[in-house]
Amino acid sequence: MALSVSLLPRCSVFLLFLFVLCSSGAKVVTIDVHAAKGLIQTGSIYLDVRTVEEFEKGHVDAVNIINIPYMLNTPKGKVKNPDFLKEVSSACNKEDHLIVGCQSGVRSLYATTDLLSDGFKNVNDMGGGYVDWVKNKFPINVPLAKEEL
């Protein structure tokens, strides 16, 4: 069953997240973009959980990068990707070192919690997300606009 976050008041979403976090036993470790950059440069996989549309507008420049959306855009708003864990499990091993990032740090926190609950061992949440990455002038990959080709 897909959960439509847009239909819940922000307070309810936060309480739901706290419940999931507390009941899962997962201990999320959030690192800043400086620490994330160092781990990415030493071989960690960067898992971008933003939508495909967000990713295609620009993303962290990393050798090992995967885009698997945590939330999907639908006509009814954003809903949790029901295949998120299956898709990550197909692309990564549970022992891989993952840095999970999104636009501002909210979706990545949810995604990291789910991954840890599913048995992934080496997962860090990148606090501040792509916004902080760009703010720090770290390398990004921005595709050329169609007019520029």
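**Exercise 1. The whole chain**

What percentage of the 149 residues of the protein chain count as buried?

Solution. The share is 38% of the 149 residues. Buried means under 20% relative accessible area, exposed over 50%, and partly exposed in between (1.4 Å probe, protein chains only). This is a predicted model: local features need pLDDT of at least 70, side-chain atom pairs count only at pLDDT 80 or more, and totals for chains, interfaces and linings use all residues. Residues are numbered from 1 along each chain as its sequence is written, and side-chain values use heavy atoms, with hydrogens and water left out.

Next, take the secondary structure. The protein chain has 6 helices and 9 strands. Helices (H or I, at least four residues) and strands (E, at least two) are DSSP runs, numbered from the N terminus.

The protein chain exposes about 8,500 Å², and carbon and sulfur atoms supply 59% of it. Such areas come from the Shrake-Rupley method with a 1.4 Å probe; for residues, only the protein chains shown count as cover.

Last, count contacts (heavy atoms within 4.5 Å). Among those in the protein chain with a separation of 6 or more, 64% join residues 24 or more positions apart.

**Exercise 2. Charged pairs**

Find how many salt bridges the structure holds, and work through three of them.

Solution. There are 6 salt bridges. Each is a side-chain nitrogen of Lys or Arg within 4 Å of a carboxyl oxygen of Asp or Glu. Side chains of opposite charge can pair when their charged atoms come close.

Step 1. Arg 107 and Glu 54 meet at 2.8 Å, N to O. Arg 107 sits in helix H5 (residues 106-117) and Glu 54 in helix H3 (residues 52-57), so their pair ties together parts 53 residues apart in sequence. Arg 107 is buried at 12% relative accessible area. Glu 54 is buried too, at 18%.

Step 2. Lys 80 bridges to Asp 114, with the closest N and O atoms 2.8 Å apart. Lys 80 belongs to strand E6 (residues 77-80) and Asp 114 to helix H5, so this pair links parts 34 residues apart in sequence. Lys 80 is partly exposed at 29% relative accessibility, whereas Asp 114 is buried at 12%.

Step 3. Lys 94 and Asp 118 meet at 3.1 Å, N to O. Lys 94 lies in the loop between helix H4 (84-91) and strand E7 (97-101), and Asp 118 in the loop between H5 and strand E8 (122-126), so the pair ties together parts 24 residues apart in sequence. Lys 94 is partly exposed at 32%. Asp 118 is partly exposed at 29%.

**Exercise 3. Helix H2**

Which residues of helix H2 (residues 33-41) are buried, and what do they pack against?

Solution. Start with the residues: Val 33, Ala 36 and Ile 40 are buried. Seen down the axis of H2, the buried residues fall within an arc of 55 degrees, so they line one face of the helix. The arc is that of the directions from the helix axis to the C-beta atoms.

Now list the partners. The buried residues of H2 pack against strand E1 (30-31), strand E2 (45-48), strand E3 (59-60), E7, E8 and helix H6 (129-135).

**Exercise 4. Asn 141**

Solution. Asn 141 is partly exposed, at 34% relative accessible area. Asn 141 and Ala 62 are 79 residues apart in sequence and 8.5 Å apart in space, C-alpha to C-alpha.
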